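Here is a short tour to read with the model open beside you. Take it one topic at a time.

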Amino acid sequence: MNIKIIKKVDPQMARLIEKEQKRQSEGMELIASENYVSKAVLEALGSVFTNKYSEGYPGRRYYGGQTYTDAVENLAIERAKKLFGAEHVNVQPLSGAPANMIVYSAILKPGDKVLGMDLSHGGHLTHGHPVTLAAKIYKFVRYKTEANGLIDYKKLERLAQKEKPKLMLAGFSAYTRQIDYKRFCNIAKKVGAISMFDMAHIAGLIAAKVIPSPVPYFDIITTTTHKTLRGPRGGMILCKKEFAQVIDKACFPGFQGGPHMNNIAAKAVAFKEALKPSFRNYAKQILKNAKVLENELRNYGFKIMFGGTENHMVLVDVFNSKGVSGKEAEMALDEIGISVNKNMIPDDTRNPMDPSGIRIGVPAITTRGMKEKEVKQIAKWINDAIENRNDKKILQKIHKEVIKMCKKFPIPGI
């Protein structure tokens with residue numbers, strides 16, 4: 001990545017960019033929500049569209065000079081519709097959390113009830129965790145997974161009939177199994193609830209058609225545009241036509257001001273990339289890599305949550321399998337140049353900042369071209385680093401091996 005001009009204008013910032021570029025190049029991102037964008041996406045993010053204010057929607061802006069911003073936003077919408085088969089798309093949300101808040105504000109009134117997945121069972125903060133703004137406005141009731149890692153839909157239906165929520169929310173940040181879309185939405189219909197799915201983590205796998213799509217079933221779908229979709233950091237809302245007007249109005253002027261047009265341009269580029277056959281091959285490899293990682297870690301004695309993975313990540317109980325907390329495991333892996341995140345496991349009794357688990361994802365290393373052979377080696381390094389977390393010499397040795405492998409698989413955008 002060329003930063004020649006930044007070096008002249010702001011040497012201090014240039015040094016920080018170079019250090020982060022080196023860290024990314026020589027390390028492995030195994031954080032499930034992270035990925036690498038292409039050089040084309042990076043160029044769009046740094047384009048002249050960053051200069052333009054564009055409140056409103058194509059053909060209905062509040063400022064002049066919108067000929068090309070309208071074309072950019074329409075192109076992003078057109079490509080997203082094609083990618084997911086959606087009736088209506090809003091590409092303006094700044095990220096996933098704002099996208100969820102926009103939907104809530106569009107269809108709910110303060111005090112309305114929402115049925116969402118419990119955070120410790122794989123849900124997301126914005127699905128009703130008490131620390132969030134949403135939980136202060138709306139009443140969230142949380143459902144959980146069973147001991148086998150699956151959702152008991154009979155139990156979910158009984159809960160929905162008891163609570164009568166206005167909105168039923170599916171989707172997750174750390175759940176590794178497939179949701180039964182049809183059954184979930186049938187329950188929502190039975191109790192008169194609007195159905196919503198947060199596909200932020202698996203949007204790329206859905207776009208590539210390697211896992212089933214929720215689009216034909218749910219009323220409203222939110223997503224980020226990064227993670228497995230491999231676009232810029234941003235959000236998006238897909239919905240049936242009957243919700244289009246209230247969603248758009250809730251986004252602007254309800255929740256946001258001017259959209260970030262450089263980001264929307266980058267989204268459009270990423271959507272075009274995701275429409276290519278090569279993206280499907282990439283998504284297939286993600287599923288292969290994740291399954292190899294699951295099996296290898298299980299062979300090393302790690303406890304895999306939810307019974308296994310059907311997507312891009314695994315949730316590992318390191319505390320009850322290796323006697324190490326999630327925070328300690330994360331720190332040990334940082335020492336060898338592998339980034340993961342500490343994560344709660346179902347009904348975790350430990351502190352959220354030092355939980356029992358770690359979440360590991362393979363989208364970023366798959367983008368770099370790593371396959372089953374490399375994943376097996378990575379699993380070994382994870383095990384060795386955690387078991388020898390107090391031995392600096394062993395950690396340093398592993399770190400050198402990690403750097404060596406990373407140099408064989410350069411990051412596409414750098």
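Predicted model: local features only at pLDDT ≥ 70, side-chain atom pairs only at ≥ 80, totals over all residues.

Residues are numbered from 1 along each chain as its sequence is written, and side-chain values use heavy atoms, leaving out hydrogens and water.

**The sheet**

- Seven strands make up an open sheet with mixed pairing, in the order S4-S10-S9-S8-S7-S5-S6; strands (E, at least two residues) and helices (H or I, at least four) are DSSP runs numbered from the N terminus, and two strands pair if DSSP finds at least two bridges between them.
- At the edges sit strand S4 (88–90) and strand S6 (139–143), each pairing on one side only.
- On average, neighbouring strands of this sheet are turned by 20 degrees against each other, direction ignored; axes are lines fitted to C-alpha atoms, for helices over the stretch in contact, and angles run from 0 to 180 degrees between N-to-C directions.
- Strand S9 (residues 220–224) and strand S10 (residues 235–239) run antiparallel and are joined by five bridges; Thr222 has Ile237 in S10 as its bridge partner.

**Helices on the sheet**

- Helix H5 (residues 96–107) lies across S6, S7, S8, S9 and S10, and runs at about 160 degrees to S9.
- Helix H10 (residues 244–255) packs on the sheet and touches S4, S9 and S10, where contact means heavy atoms within 4.5 Å.
- Pro253 belongs to helix H10, and the peptide bond from Phe252 to Pro253 is cis, with omega near 10 degrees.

**Positive phi values**

- Lys227, in the loop between S9 and S10, has a positive phi of about 45 degrees although it is not a glycine.
- Lys227 is buried, at 9% relative accessible area (buried means under 20%, exposed over 50%, partly exposed in between, with a 1.4 Å probe and protein chains only).
- Asp347 lies in the loop between S14 and S15, has a positive phi near 55 degrees, and counts as partly exposed at 45% relative accessibility.

**Around Ser356**

- Ser356 sits in the loop between strand S14 (341–343) and strand S15 (357–361), and counts as buried because its relative accessible area is 3%.
- Leaving aside neighbours within four places in sequence, Ser356 contacts residues including Val316, Phe319, Asn343 and Arg350.
- The Ser356 side chain makes a polar contact with the side chain of Asp348 (2.8 Å); such a contact is a pair of N or O atoms within 3.5 Å, and within protein one must be able to donate a hydrogen and the other to accept it, with residues adjacent in sequence counting only if both atoms are side-chain atoms.
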